[in-house]
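Hi,

Here is the structure I promised to pass on. Please have a look at it, and then read on for what turned up.

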Amino acid sequence: MVMLLAIVQKGGVDSLRSPVYTLGAPMKRIVILISGRGSNMEAIVRSCAEQRWAAQVVAVIANRPAAAGLAYAAERGIATAVIDHQVHAERAAFDAELARVIDGFAPDLLVLAGFMRILGADFVQHYAGRMLNIHPSLLPAFPGLHTHQRALAAGCKAVGATVHVVTPELDHGPIVLQSVVPVRPGDDEAALQARVLATEHTIYPLAVRWFIEGKLHVENGLVTQTDGASQVFL
Ligand code: GRF
């Protein structure tokens, strides 16, 4: 009876009617950090549900109270929190409070999705090997801000986005997956931003899924996908 109640509470009555369900499956716990719109977060939440990953987005945390993505998460019953960087003037205090709240959700994976704060080395070390980021450039080119503008100014013929493991150095770390977007005549920053963002919504959920499924092997700073899947999206 106790067991039955546990099932009902976890999966709802519907899971008892379904002929196939798993008891005690090790669901991986994902926490996503955002600063604004949160479209990458949305893509991950949607893929997780639609593709039935053995994972759950357990919390979405923002450093800005006005981050639009918080509403999307809350509407889907995902826990949300705001750790306002303006309240914690010192970086170390902000990082410590952020880590305290994150650790309350016991994540297996921390996903930075448009999180616009630089995180200190102690914070990064604490989540070493379980934190991913997406950056809108073909790293190691153009770390930092204004990537598309800089790529246009440099005459790049292709731009893209990179999902990478987070290391203390900004926008560095082992590269998991990249998308490549050709630059067309007449492209401006907004056009590139839109086309690259569309690819981000494909590559970030895929990279997170690989992580969840234990399919990322890192050796000497180089990441291979253990099924041999392509790590470039064209
Ligand atoms: C994305 O372009 C991401 O690569 C960059 O910030 C943007 C965030 O967009 N780090 P969103 O909040 O996921 O919509």
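The largest nonpolar core has 41 residues, and among its members Ile-32 and Val-208 touch the most others. Helix 8 supplies the largest share of this core, 9 residues. A separate core of 22 residues lies apart from it, with Val-58, Ile-61, Val-124 and Tyr-127 among its members. As background, nonpolar side chains in soluble globular proteins tend to be buried together.

Before going further, please keep in mind that this is a predicted model. The average pLDDT of the chain is 92, and 91% of the residues score at least 70. The stretch to treat separately is residues 1-12, where pLDDT stays under 50. For those residues the model has 8 contacts beyond four places in sequence.

Back to Ile-32: which residues does it contact, leaving aside its neighbours within four places in sequence? They are Met-41, Ile-44, Val-45, Val-57, Ala-59, Val-60, Ile-61, Val-111 and Ala-113.

Is Ala-113 buried or exposed? Its relative accessibility is 4%, so Ala-113 counts as buried, the cut-off being under 20%. In sequence, Ala-113 is 80 residues from Leu-33, yet their C-alpha atoms are 5.9 Å apart in space. Beyond four places in sequence, the contacts of Ala-113 include Leu-33, Ile-34, Ser-35, Asn-40 and Tyr-204.

Now for helix 8, which covers residues 189-212. After the helix comes Gly-214, with a positive phi near 70 degrees.

How many disulfides does the model contain? The count comes to 0, taking a disulfide as a pair of cysteine sulfur atoms within 2.5 Å. Cys-48 counts as buried because its relative accessibility is 7%. Cys-156 has a relative accessible area of 23%, so this residue is partly exposed.

Best wishes

Notes
Residues are numbered from 1 along each chain as its sequence is written. Side-chain values use heavy atoms; hydrogens and water are left out. pLDDT is the predictor's confidence in each residue, from 0 to 100. Contact means heavy atoms within 4.5 Å. Helices (H or I, at least four residues) and strands (E, at least two) are DSSP runs, numbered from the N terminus. The expected span of a helix is 1.5 Å times one less than its number of residues. A nonpolar core is a set of buried Ala, Val, Leu, Ile, Met, Phe, Trp, Tyr and Cys residues joined through side-chain atoms within 4.5 Å. Buried means under 20% relative accessible area, exposed over 50%, partly exposed in between (1.4 Å probe, protein chains only).
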